[in-house]
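Reader: Hi! I'm new to this one, could you walk me through it?
Author: Happy to, let's have a look together.

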Amino acid sequence: MRYEPAPLTRHLRVRQERGHTVLEFRGEIDIAAAAEIVPHLDMATAEPDARVVIDLTHVEFFDCSGLRLLYRARHRTADGSGTLHLVCAHALTLRMLRVTGLSRLLPPWPTLDAALEQPESASGPV
């Protein structure tokens, strides 16, 4: 069963682009937003060969709930032959990713185009 894009929500836009499911997080990603996002994230990463991009370009606030979403997505895609790319250029969010070590597991790309152009085996910038 293939994942169908979610309806527009306050904190999430989902679309298909170049063979990937793009989960565009929006606004403030906190515990309430995470509760809204997690079912859609789980559907997008349910297939063993899921090709997912999480785009944080439109995020204004990102706390540990957002980090948990990223860890969850990485765990779910790492279990199969799927790929997961992260798009993030916001200085404070990048710092949080570095401090927690998540940037080593899921290196961020500066733009959506850069993430979508990567070969299947690449998980982030070298």
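Author: First, a term: helices (H or I, at least four residues) and strands (E, at least two) are DSSP runs, numbered from the N terminus. This is a predicted model, where local features need pLDDT of at least 70 and side-chain atom pairs count only at pLDDT 80 or more, while totals for chains, interfaces and linings use all residues. Residues are numbered from 1 along each chain as its sequence is written, and side-chain values use heavy atoms, leaving out hydrogens and water.

Reader: Thanks! Where does arginine 18 lie?
Author: Arginine 18 is in the loop between strand 1 and strand 2. Its phi is near 50°, which is a positive value in a residue other than glycine.

Reader: How many residues of strand 2 are buried?
Author: Eight of its 10 residues, so strand 2 is mostly covered.

Reader: What about strand 2 and strand 3, in which sense do they pair?
Author: Those two pair in the parallel sense, over eight bridges. For example, valine 22 has valine 53 in strand 3 as its bridge partner. Between these strands the chain passes through helix 1 (residues 31-44), and this β-α-β crossover is right-handed. That word means that, with the strands pointing away from the viewer, the path from the first strand over the helix to the second runs clockwise.

Reader: New topic: where is aspartate 55, and what does it touch?
Author: Aspartate 55 is in strand 3 (residues 51-62). It is buried because its relative accessible area is 4%. Not counting residues up to four places away in sequence, aspartate 55 touches Val22, Leu23, Glu24, Phe25, Val87 and Leu112, where a contact means heavy atoms within 4.5 Å.

Reader: Last one, how many helices and strands does the protein chain have?
Author: Five helices and five strands, in the pattern β-β-α-β-α-β-α-α-β-α along the sequence. Of the 126 residues in the protein chain, 49% are buried.

Technical notes
Buried < 20%, exposed > 50% of the residue type's maximum accessible area, 1.4 Å probe, protein only. Pairing = 2+ DSSP bridges.
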